[in-house]
Amino acid sequence: MPELKSGAAWLASATPEEVDEFLEGLSQNALLSLPWLFEFWALPHQLPPRGAWKTWVIMGGRGAGKTRAGSEWVRAQVEGAGPQDPGRARRVALVGETIDQVREVMVMGESGILACSPPDRRPEWQASKHQLVWPNGSVAQVFSAHEPEALRGPQFDAAWADELGKWKKGSEAWDQLQFALRLGKNPQQVVTTTPRNVDVLKAILKNPSTVITHAPTEANRAYLAESFLAEVQARYGGTRLGRQELEGLLVEEEEGALWSSAMLERARVRELPTVNRIVVAVDPPVTSMKTSDECGIVVVGADTRGEPKDWRAVVLEDASVKGAKPEGWARAALAAMERHGADRLVAEVNQGGDLVERLVRMIDPLVPFRAVHATRSKMLRAEPVAALYEQGRVAHVRGLGALEDQMCRMTAQGWQGQGSPDRLDALVWALTDLMLDPLQMGRPSVRSL
């Protein structure tokens, strides 16, 4: 007999004979209860992590099974061994953006609590009181995040917060929920949400008492229409919106950033424009250790025919590598040149000086190479490049998520992320060489910027 946590996967791969043998070995009661045994059917991200935690955040793409996981977690808290037996929790808060959304999604939806509950344990929906009442007396009360003050007074030993990322009064509602979650020995809460760049969610994720599970939309494809998956992947795959809504990743954007998500989405192209020059820019790491920063390698093409004001560029690839030895990142850069037929390799030499060029030429003695030296801050070098985006003169292909994340963390006050923005630095060097540098096409090989 398979383990419960991998039962669904086992059934999917078992032979008909093995399935028959398994089902025949179950008692009548076990067979009737199997459809309601969520631990058997659940995907890994839908099961609570082990250990001591206060908040479990389930971050996932659209349709990843977050609502089902929330509903089943509530069931596990309130239900006992028998329909009349008490569970771990007696008072539960159900909080969504609005009362209507809680009712239609969390309570009555296709993956809501009522649909997930077996007949002998199904709670009663009391519309006038906005609450669910189980046969064993447990109660789940419904709240709107638009009315945080409604959470002042009641108290609970469990809570489910749905789509917290889009709560208009997220911080206020979350704070009031924390004060209300004070019953029992270990009150816990689950958050099911598509991640959004909001302060309340980022604060929760950083809390030491928070555990996180994550899954993209694709993880739940067995329960989703193939036409839906094909359409959303074709439309949003490889975009920042797709990283958030399909991959279920938190796409951060700093206040006052030089680039915004909206700006980058406007720059997205489906078909490559014509270019007459292509460069590969490299921002080498300080060290070659596995824990070192990435080696930024970015490929950019440009059409520089006509007047400079008419020049247009397109970012073709982010080929950055992490933890590579010097020869490794040098070969990766030269491979990117070969893939795109690039005209020149541009490399920052602040850390390695002439060694950078010597390293590259050991592999390819004839490579067109240009060394650049940084004398100004990263932010000052990035500002004129950001202006090109504001003018609509730079386009992006899809699949540049990691690079775009760095771009949205560079502000007028400087870099706000961890480590070094090596991908962004390489982008800046490439666009400067193609679009901003007056010393074009093989004039002095080293310039300060």
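This is a predicted model: local features need pLDDT of at least 70, side-chain atom pairs count only at pLDDT 80 or more; totals for chains, interfaces and linings use all residues.
Which residues of α9 are buried?

Figure 1. The buried residues of α9 are V200, L201, K202, I204 and L205. Their cover includes β1, α8, β7 and β8.

**Figure 2. The protein chain as a whole.** The protein chain contains 17 helices and 17 strands. Of its 449 residues, 50% are buried. Its accessible surface amounts to about 21,500 Å², and carbon and sulfur atoms account for 52% of this area. Among contacts between residues at least 6 apart in sequence, 70% join residues at least 24 apart.

**Figure 3. The open sheet of eight strands.** The strands follow the order β3-β4-β5-β2-β6-β7-β1-β8, and their pairing is mixed. Strands β3 (124–126) and β8 (210–215) stand at the edges; each has a single partner strand, so one side of each lacks a neighbour in the sheet. On average, neighbouring strands of this sheet are turned by 15° against each other, direction ignored. Helix α9 (residues 199–206) packs on the sheet and touches β1 (55–60), β7 and β8, and its direction makes about 120° with that of β1. Elsewhere in the sheet, strand β6 (residues 158–162) pairs with strand β7 (residues 188–193) in the parallel sense over five bridges. Within this pairing, T192 in β7 is the bridge partner of D162.

**Figure 4. Strand β5 and its two partners.** Strand β5 comprises residues 139–144, and six of its six residues are buried. In a regular strand, side chains alternate between the two faces of the sheet. In β5 both faces are covered: V139, Q141 and F143 lie on one side, A140, V142 and S144 on the other, and all are buried. Strand β2 (residues 91–96) pairs with β5 in the parallel sense over six bridges, and A93 stands opposite Q141. Strand β4 (residues 131–133) runs antiparallel to β5 and is joined to it by three bridges; here Q131 stands opposite Q141. The strands β4 and β5 form a hairpin with five residues between them, and G137 in the turn has a positive phi of about 95°.

Figure 5. H130 is found in the loop between β3 and β4. Although H130 is not a glycine, its phi is positive, at about 55°. H130 is partly exposed because its relative accessible area is 32%. E163, in the loop between β6 and α8, is a residue other than glycine with a positive phi, near 50°. G184 is placed in the loop between α8 (170–180) and β7. With a relative accessibility of 60%, G184 counts as exposed. The C-alpha atoms of G184 and A89 are 7.7 Å apart in space, while the two residues are 95 residues apart in sequence.

**Figure 6. Two nonpolar cores.** The largest nonpolar core has 64 residues, of which W259, V300, V315, L345, Y389, L427 and L431 touch the most other members. Helix α17 (residues 422–436) gives the most to this core, with nine residues. Leaving aside neighbours within four places in sequence, V315 is in contact with residues including V298, V300, Y389, V397, L403 and L427. Another core, of 25 residues, lies apart from the largest one, and its members include V92, W125, W160 and V211.

Figure 7. Side chains of opposite charge can pair when their charged atoms come close. The count of salt bridges in this model comes to 30. In one of them, the side chains of R62 and E245 meet at 2.6 Å, N to O. This pair links distant parts of the chain, 183 residues apart: R62 lies in the loop between β1 and α5 (66–78), and E245 lies in helix α11 (residues 240–245). R62 counts as partly exposed at 46% relative accessibility, whereas E245 counts as buried at 11%. In another salt bridge, the side chains of D318 and R423 meet at 2.5 Å, N to O. D318 lies in strand β11 (residues 312–318) and R423 in helix α17, so this pair ties together parts that are 105 residues apart in sequence. Both D318 and R423 are buried.

Figure 8. R75 forms a salt bridge with E72, with their closest N and O atoms 3.0 Å apart. Both residues lie in helix α5, three residues apart, which is about one turn of the helix. R75 and E72 are both buried. Salt bridges with shared partners join R68, E72, R75, E79 and R121 into one network.

Methods
Residues are numbered from 1 along each chain as its sequence is written. Side-chain values use heavy atoms; hydrogens and water are left out. Buried means under 20% relative accessible area, exposed over 50%, partly exposed in between (1.4 Å probe, protein chains only). Helices (H or I, at least four residues) and strands (E, at least two) are DSSP runs, numbered from the N terminus. Two strands pair if DSSP finds at least two bridges between them. Axes are lines fitted to C-alpha atoms, for helices over the stretch in contact, and angles run from 0 to 180 degrees between N-to-C directions. Contact means heavy atoms within 4.5 Å. Accessible areas come from the Shrake-Rupley method with a 1.4 Å probe; for residues, only the protein chains shown count as cover. A nonpolar core is a set of buried Ala, Val, Leu, Ile, Met, Phe, Trp, Tyr and Cys residues joined through side-chain atoms within 4.5 Å. A salt bridge is a side-chain nitrogen of Lys or Arg within 4 Å of a carboxyl oxygen of Asp or Glu.
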